[in-house]
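Here is a short briefing for a first look. Take in the sequence and the fold, then read on.

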Amino acid sequence: MRYPDYRPSSRRPSLYYETQRVCIYCKTLTYSRDRVRLGDEHIIPEALGGNLVLPEASCGQCEALINRFEQPLLRSVFGPIRARYGFPSKRPKLRPKTVGVEFVVGENIVNEEVPVGHNPTLLVMRAFKPAGIFTGEDAVERPLAARKMHVHCADTEMGQEIVKRLGARGMQIGWPDNSDHQIALMVAKIAHSFAVAQLGINLDGFQALLPNTIRQVPGHLPVSYLVGCMGEPDPRAPRSSNEASHILRWFEYPLRDMYLLVVQVRLFESFNMPSYAAVVGSTSIENMKVMMMRERIKRLPTKSRQNKAARLQN
């Protein structure tokens, strides 16, 4: 069963979900020893234009763990596009005035500092193999093994002038070490927080699979086992004109002797970036039947609902 798409965007006001008052990753009830109120959690990072917010949903320790993989990505992989389009920043005064762009000149790489907003932009994201749980692999760490690179290049008049002046053949595409793993963890974090926003902290009866992976708790399920890609996006499909357009959707997926709760995460769909799928939770077929029956009961008139509920409990 599929559900409506959600398209977070910094061009619209923030959408606040129900206040959680519990950390959605470790179930802690306070932010830290010195502070009670938990931190608000942006489902997609605010620095990427995400406007979906879970109030009071993250403790200080989990927030710090998530920053370890989110912050390097926001500076490296997503840094140029954030600068080009002026995405939100918690420290706007510290924003650089220029962006370094690497141009290929003959056999050499030449770095030129370009004023922010005029910088040619390369956004590179890699498509992964399907998550190991879908392909029947053992739950062991394996390379995410990108199938292909998705590249968006937005040139500018200043960029063209620099290319002409240097006699450059183009721009250099870099891919920082460990970026695959960091992106997979960020997709896992987005997927889990979105599922909690839609279904509640208990995921409507599904067993949560991602929190320990996100927090890298010893013995956790490998991120490559739970996060990957499901098919390639259709390049002919109509796309948003908003540069900060992202798509989130969740659905239930039957697999062998269980049902999986899956969240599809597609960042920057307007630039035809990959579509990732994260397995958020699982349940047995028997539990799924009970959950589906309860859902049907909710839609019945009051008297019928009471009779069916009593029969279900017996």
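Two strands pair if DSSP finds at least two bridges between them. Helices (H or I, at least four residues) and strands (E, at least two) are DSSP runs, numbered from the N terminus. This is a predicted model: local features need pLDDT of at least 70, side-chain atom pairs count only at pLDDT 80 or more, and totals for chains, interfaces and linings use all residues. Residues are numbered from 1 along each chain as its sequence is written, and side-chain values use heavy atoms, with hydrogens and water left out.

**Sheet**
- Three strands make an open, mixed sheet, ordered S1-S3-S2.
- Its edge strands are S1 (15-16) and S2 (39-42), each pairing on one side only.
- S2 and S3 (residues 52-58) are antiparallel, over three bridges.
- Gly 39 has Ser 58 in S3 as its bridge partner.

**Helix packing**
- H1 (residues 60-75) packs on H5 (residues 179-199) at an angle of about 120°, with axes 9 Å apart.
- Axes are lines fitted to C-alpha atoms, for helices over the stretch in contact; angles run from 0 to 180 degrees between N-to-C directions.
- Contact means heavy atoms within 4.5 Å.
- Among the H1 residues that meet H5 are Ile 66, Phe 69 and Leu 73.
- Among the H5 residues that meet H1 are Ile 183, Leu 185 and Met 186.
- H5 also lies across S2 and S3, at about 90° to S3.

**Pocket lining**
- S2, S3, H1 and helix H2 (79-85) each supply at least two residues to the lining of the largest pocket.
- H1 gives the most to this lining, with seven residues.
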